[in-house]
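Hi everyone, thanks for making the time. Please have a look at the sequence and the model on the screen before I start.

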Amino acid sequence: MMTDRMAALPTGVLQIYSVGPGDVGSYRCVATTLTHRRRSAEAMLTVTPAKESKPFHAPTIVAGPQNVTASLHQTIVLECMATGNPKPIISWSRLDHKSIDVFNTRVLGNGNLLISDIRLHHAGVHVCRATTPGTRNFTVAMATLTVLAPPSFTERPESLTRPRAGTARLVCQAEGIPAPKMSWLKNGRKMHSNGRIKMYSSKLVINQIIPEDDAIYQCMAENTLGSVLSQARLTVVMSEDRPSAPCNVHAETVSSSAILLAWERPLYNSDKVIAYSVHYMKAEGLNNEEYQVVLGNDTTHYIIDDLEPASNYTFYIVAYMPMGASQMSDHVTQSTLEDVPLRPPEISLTSRSPTDILVSWLPIPAKYRRGRVVLYRLSFRLSTDSAVQVLELPGTSHEHLLQGLRPDSIYLVRITAATHVGLGEASVWTSHQTPKATSMQAPRSPELHLEPLNCTTIAVRWQCDAKDPAAIQGYKLFYKEEGQQEHGPIVLAPREHLHTLSGLDPRRKYHVRLLAYSSIEEGYQADQTVSTPGCVSVRDRVVPPPPPPHHLYASANSSSCVFLHWRRPAFTAAHAVNYTIRCNPVGLQNASLVLYLQTSETHMLVQGLEPNTKYEFAVRLHVEQLSSPWSPVVYHATLPEAPAGPPVGVKVTLIEDDTALVSWKPPDGPETVITRYTILYASRKAWVAGKWQVLHREGAITMALLENLVVGDVYIVKISASNEVGEGPFSNSVELTVLPKDPSGSNQRPKRLDAADARVYSGYYHLDRKSMTGITVGVGIALTCILVCVLILICRSKARKSSACKTAQNGSRQLPHAGASPTPVNEAGKKLDRAIENQESSVPVMVPHSFIDAKGGSDLIINSYGPVIKNNSKKKWLFFQDAKRMRAEQPQRRFPPATHFYQPGTTVLVSSQDSPSSLDPATAFLGAAVDTEHSTQSEGSQDTGDSGRFSHESSAELRLSAALSSSPPSSSSLAGGEVAGNHVPGQDEGPAGRARL
């Protein structure tokens with residue numbers, strides 16, 4: 001019956017293409033085996049005439065491929081049949097874009113795909129595509145081909161030789177579809193983990209090897225298609241002089257978590273024992289973890305205090321020596337005492353009527369029960385009443401109905417469990433509102449069940465009462481963490497009976513309430529509490545952890561947000577998968593500032609980050625209460641913030657006729673990355689027209705030249721800062737007037753306009769507080785320095801005047817008592833002539849008719865009448881004294897002619913004129929030549945305090961040379977003799993008569 005228009009598929013389908021009147025009739029399917037043959041019922045095919053003109057019809061797949069599961073080397077057919085006008089073309093491809101195997105694949109009929117001798121590479125999603133010829137109109141249908149394969153080993157275990165107390169690892173890996181289940185056998189018997197022996201999916205680990213571990217170990221991999229077996233031998237090497245096992249091991253219960261273990265030393269080679277190893281694990285159950293404690297050889301007892309209450313434990317001890325370990329001691333079993341329950345049961349509250357509350361609770365998990373529960377204490381009260389009613393229920397009950405309550409009232413309920421030891425911790429008060437008395441037609445409360453899927457996910461399931469007459473339009477779900485704000489409502493469709501709460505925190509208690517609602521009112525609510533478990537860490541896990549998420553990608557959206565995207569690991573799991581995102585700045589020292597976020601999606605937008613900060617991100621997944629390791633860390637920085645303020649300190653300086661220099665400082669405030677500055681400037685005419693000239697400078701440059709300015713125009717300048725995020729505000733406008741250069745003022749500094757000189761459009765510019773403070777402090781310091789200098793000058797002036805007066809008085813007292821010392825006139829004349837010749841070269845700064853201190857100490861001028869005040873001193877002090885008054889007082893200073901007496905050893909210059917200022921140059925030179933060093937007893941020197949001092953007393957050090965005096969003075973010279981109008985000094989003869997020139 002097979003024709004070009006008909007195709008019989010192995011699945012029992014008969015396809016007929018281009019049906020015509022000749023195809024009308026009855027059809028039946030016949031199934032045949034080697035021994036039997038069976039026919040199906042007949043089916044009638046009727047053909048209706050088609051219209052003469054067929055309109056356009058888009059391609060439609062009327063029989064698409066179905067998902068197929070096949071074993072290796074089988075043959076399968078993927079059906080695909082389509083209609084349309086014009087007749088569509090059918091093609092096949094793979095969803096993963098891999099090529100179809102042309103050797104084992106062919107098209108059956110008008111579009112069916114036949115694959116023979118199926119191999120593993122044929123597995124995948126196959127796509128049937130029906131396309132209208134000459135167009136792009138098409139439709140597709142897909143089916144998954146699953147190829148089953150029996151298990152086969154990819155790695156077989158190898159035989160090992162290990163010493164006693166060592167560790168052996170046997171590795172065995174297999175593949176197959178479905179994934180094979182791995183198990184281990186010891187000498188043909190199935191093995192179980194017992195703490196010392198741990199079995200993983202592809203590995204067997206034996207710790208603390210003992211002689212009994214010497215055996216043949218077999219690895220078996222099996223799935224629905226078969227099983228394979230591989231074996232290896234473990235040989236245990238024994239030491240000849242190893243000690244015997246510790247003996248007389250016994251245990252005593254100390255408390256609900258502690259047991260005392262004691263033993264005696266080995267009977268053989270006990271002196272060689274260097275340590276003891278205590279091993280213990282739970283006696284009940286399979287795959288229990290074995291714990292080990294190593295002790296010194298100086299003790300034979302130990303208290304194990306980290307046990308669970310009301311649990312049985314098995315103990316044994318091994319002695320160690322340098323050459324190896326002893327055999328295991330005898331095993332002893334001991335139970336810990338009971339304790340009060342560690343946590344209360346989780347309760348659920350529902351109302352069946354306005355006057356009752358059904359309180360139900362789940363049994364406490366064994367590890368929190370810590371013994372047998374013998375009593376439940378149920379407490380309840382009105383939220384507005386402090387009186388608490390208490391009920392005690394037997395330990396076997398799991399629900400209780402509270403009756404006779406007030407309608408439309410909020411009740412608080414809590415429960416406590418007790419063992420033989422006592423009552424445990426009470427649950428928190430759980431609130432429930434009874435329905436209104438008029439709510440007889442309200443939907444009844446659903447039956448609520450909560451189940452933690454993992455440490456961050458809770459599955460909420462419920463069932464509505466089938467006898468409820470109310471028409472339910474949906475459900476409202478509320479949930480909250482204990483002590484936190486409630487989330488919701490989550491509106492759910494009436495056909496939904498499952499909802500997953502994800503993104504929760506591990507080890508937290510959550511309160512969930514659910515109610516149904518109709519078109520009239522809300523129904524009775526159901527309340528229940530549940531606790532999320534802790535996330536299982538890698539070190540606590542016996543089975544291998546799931547792989548972490550991969551291809552983590554981060555991109556910054558703004559200065560405070562980063563978008564994360566990752567891929568789910570390539571493993572099959574029917575349970576919900578949740579993710580935890582870890583986020584913290586790079587180099588963070590405080591671990592409490594690490595941010596953890598949770599989601600059930602494979603992407604998340606992390607918000608609330610700091611701008612321009614580099615962060616590190618990592619993701620881990622949670623499935624079936626297992627947690628994967630953290631994914632590889634991805635580093636990404638947030639974008640910087642746009643500048644919040646304008647550049648500050650904008651200054652414009654005209655440096656040439658048509659060129660100005662504008663400078664500025666970065667914006668104030670927090671550190672912001674600046675990548676570019678924008679300078680806008682325009683003349684007033686152009687500014688009115690809105691025509692600005694624009695300059696751009698990099699963020700590291702804070703000045704620019706404004707060129708081609710027009711002389712006589714007034715220019716307006718303003719600046720803004722920007723970065724990759726955005727542009728900040730412009731600064732206040734600064735005006736610059738371009739004036740031609742003045743030839744007479746070519747040496748003047750160029751005119752600079754800044755914020756102090758510029759007219760700002762937003763108002764007058766005011767100096768800031770820092771500038772005013774600096775100016776005030778500078779002016780104050782300058783005035784203080786001026787006053788100090790003035791006071792110093794005044795004090796020095798007064799001191800010199802008083803010193804001059806005292807010196808004059810002392811000279812007038814000593815002159816009458818001076819002894820006569822006549823000197824020949826001709827000798828004195830010769831000396832005077834030689835002195836006059838060297839006057840100009842010896843004393844270039846000498847004042848006429850006077851003599852000064854040649855030692856350079858002071859500018860005090862002295863003649864025979866005493867100190868002389870120079871004329872330039874009067875000019876220097878005109879600031880403090882009246883010049884007219886000084887000139888008026890000066891003529892009154894007259895000295896009468898004095899009689900001069902000479903004492904031996906004294907040098908005196910006597911002028912022939914009455915005024916001290918009438919000294920001739922020669923006399924002035926002699927006065928300077930005979931100036932002596934100061935005497936420590938000179939009163940004038942002590943008063944003046946300077947280096948220019950004089951003395952009228954005799955001194956052995958102040959002598960004229962023998963050339964100036966060779967004979968005693970005559971009486972005529974004592975009487976007031978004058979030589980050529982000049983006074984001639986006299987001196988005694990003697991070896992001490994000398995003078996220093």
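First, the ground rules. This is a predicted model, so to speak of local features we need pLDDT of at least 70, side-chain atom pairs count only at pLDDT 80 or more, and totals for chains, interfaces and linings use all residues. Residues are numbered from 1 along each chain as its sequence is written, and side-chain values use heavy atoms, with hydrogens and water left out.

Now the sheet. It is open, has 4 strands in the order β58-β57-β60-β61, and the pairing is antiparallel. Strands here are DSSP runs (E, at least two residues), numbered from the N terminus, and two of them pair if DSSP finds at least two bridges between them. At the edges you find β58 (693-698) and β61 (734-737), each pairing on one side only.

Let's walk across. β57, residues 676-683, pairs with β58 over 6 bridges, and one place to look is Y681, whose bridge partner in β58 is Q693. β57 also pairs with β60, over 8 bridges; there T678 stands opposite S720. From β60, 4 bridges lead on to β61, with V714 opposite T737.

K718 brings us to the rings. Its charged end sits over the ring of F730, 5.3 Å from the centre. To count, NZ of Lys or CZ of Arg must be within 6 Å of the ring centre and within 35 degrees of the ring normal. R381 sits over W429 in this way, at 5.1 Å.

Searching the whole structure gives 9 aromatic pairs, meaning Phe, Tyr or Trp rings (for Trp, the six-membered one) with centres within 6.5 Å; planes under 30 degrees apart are stacked, over 60 edge-to-face, and the rest tilted. One of them is Y615 with F617, tilted, at 6.3 Å and 35 degrees. Y615 counts as buried at 5% relative accessibility, and F617 is buried at 0%. Y280, Y291 and F315 form one aromatic cluster.

Lastly, an unreviewed UniProt entry lists residues 772-794 as "transmembrane region". In the model that span is 100% helix, and its end C-alpha atoms lie 33 Å apart.

Note on methods. UniProt positions are given in the numbering used here, feature names are shortened, and annotations may be inferred rather than shown by experiment. Buried means under 20% relative accessible area, exposed over 50%, partly exposed in between (1.4 Å probe, protein chains only).
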